[in-house]
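Work through the exercises below with the sequence and the structure open. Try each task before reading its solution.

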Amino acid sequence: MLLSTVQPSIISLFSSTSSDPLTLFSSATDQTLLADSFIHFLHDRLSSPLPESPRVLLKLPTVSDATEQEDSPDHGVQLDQTVLHIQSPTIRTTYIQCPPILAPYGDIGKHDRPGGLGIRHPWMHLQVRNLAREWSVEVGIVDHAGRSGTIRLSTFQNKPCLKIDQHSRSPPLLLLPLSFPPDSTHLLTLWSTIDIHFPSLLPYFSSPALRSMQDIDQEDTEEDTKSHEWASSSRPNTTAPASIPSGTYSHVSYVRVYANCRLRRIWFGEGGPSQKGPWEFELYSSD
């Protein structure tokens, strides 16, 4: 998609305030949960317009007079902007992905362009809001030898883990825990910018410690069961046995953002959190 192009220092992949935010994305929802599984643009502070029936917006904590009380603990936690609201009780069935996919949900990493997304920048940044529900984001990366791997960060993952299944011929899957800012007196935290550095994560695909963990029976917890079922039931088939990415990072093949979150922007850059982006990348609260 972009691998053969000259890439600027910053690439904005998604902006909720652009004229056609999902033009480069496909989306999927759980068709068995029409009321609870959907993707919808709304104003963050007002939570409007409401989605069409039978869809029901999940219940959010009430922000009491936040725009009038400067000392309110909820003051400034909302944006005075349109954002993308993604919700579902079944996380893996509801998402947006770039490049768009051809197959129904579950076929991780499939898209309609050879070579995938092709963004070479080492950093990806996401502006998301915690909805006090489980959430996950997934990225496909490729090394300079053309070997692919999948990185999935999830709020329900309790420890790093590496899934390698040669029988299914699927890319190795690196599962990493993800945490939002510490809990406060209100359920919704501040909007967060999540920064992911791909070159630093690539060596974990060949980590002896993480590879050995896949052969150890995990504790029978809700989080581990969910991770195991998700990993085993939704891996794509490939034409050759899985190979382990290593060496140097080349590019990103796809990005998938799952329920449950509100999403404002996704962009790629040469620098990390300290890199100064354009003014429109800043988060402006409703106060």
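The chain has three helices and 13 strands. The model is predicted, with a mean pLDDT of 80 for the chain, and 72% of the residues reach 70 or more.

**Exercise 1. Confidence and burial**

Task: Find what share of the chain is buried, and find stretches where pLDDT is under 50.

Solution. 
- Step 1. The chain has 287 residues, and 51% of them are buried.
- Step 2. Across residues 63-75 the pLDDT stays under 50, and the model gives this stretch 14 contacts beyond four places in sequence.
- Step 3. Residues 232-241 also have a pLDDT below 50, with 26 contacts in the model beyond near neighbours in sequence.
- Step 4. Turn to contacts in the chain between residues at least 6 apart in sequence: 76% of these join residues at least 24 apart.

**Exercise 2. Aromatic pairs**

Task: State how many aromatic pairs the structure holds, and classify the pair phenylalanine 14 and phenylalanine 25 from its distance and angle.

Solution. 
- Step 1. The structure holds three aromatic pairs.
- Step 2. In one of them, phenylalanine 14 and phenylalanine 25, the ring centres are 5.8 Å apart and the planes meet at 80°. Angles over 60 degrees count as edge-to-face, so this pair is edge-to-face.
- Step 3. Phenylalanine 14 is in strand β1 and phenylalanine 25 is in the loop between β1 and β2 (26-28), so the pair links parts of the chain eleven residues apart. Both phenylalanine 14 and phenylalanine 25 are buried.
- Step 4. Now take phenylalanine 198 and tyrosine 249, whose ring centres are 5.7 Å apart with planes at 25°, so the pair is stacked.
- Step 5. Phenylalanine 198 belongs to helix α1 (residues 198-201) and tyrosine 249 to strand β12 (residues 249-258), 51 residues apart. Phenylalanine 198 and tyrosine 249 are both buried.
- Step 6. A ring can also face a charge: the charged end of arginine 256 sits over the ring of tyrosine 95, 3.8 Å from its centre.

**Exercise 3. A glutamine before the strands**

Task: Which backbone atom does the side chain of glutamine 7 reach?

Solution. 
- Step 1. Glutamine 7 lies in the segment before β1, and with a relative accessible area of 14% it is buried.
- Step 2. Leaving aside neighbours within four places in sequence, its contacts are Leu2, Gly118, Ile119, Arg120 and His121.
- Step 3. The side chain of glutamine 7 reaches the backbone nitrogen of arginine 120 at 3.0 Å.

**Exercise 4. Backbone exceptions**

Task: Find cis peptide bonds and residues with a positive phi that are not glycine.

Solution. 
- Step 1. Most residues other than glycine have a negative phi, and most peptide bonds are trans.
- Step 2. The bond from serine 53 to proline 54 is cis, with omega near 15°; proline 54 is in the loop between β3 (38-43) and β4.
- Step 3. Cysteine 98 and proline 99 are also joined by a cis peptide bond, with omega about -5°.
- Step 4. Serine 47 has a positive phi of about 50° and is buried, at 17% relative accessible area.
- Step 5. Alanine 132 has a positive phi near 60° and is partly exposed, at 36%.

Terms used
Residues numbered from 1 in each chain as written. Heavy atoms only, no water. Phe/Tyr/Trp six-rings, centres within 6.5 Å; stacked < 30°, edge-to-face > 60°. Helix = DSSP H or I, 4+ residues; strand = E, 2+ residues; numbered from the N terminus. Buried < 20%, exposed > 50% of the residue type's maximum accessible area, 1.4 Å probe, protein only. Lys NZ or Arg CZ within 6 Å of the ring centre and 35° of its normal. pLDDT = per-residue confidence, 0-100. Contact = heavy atoms within 4.5 Å. Polar contact = N/O pair within 3.5 Å; in protein donor to acceptor, adjacent residues only side chain to side chain.
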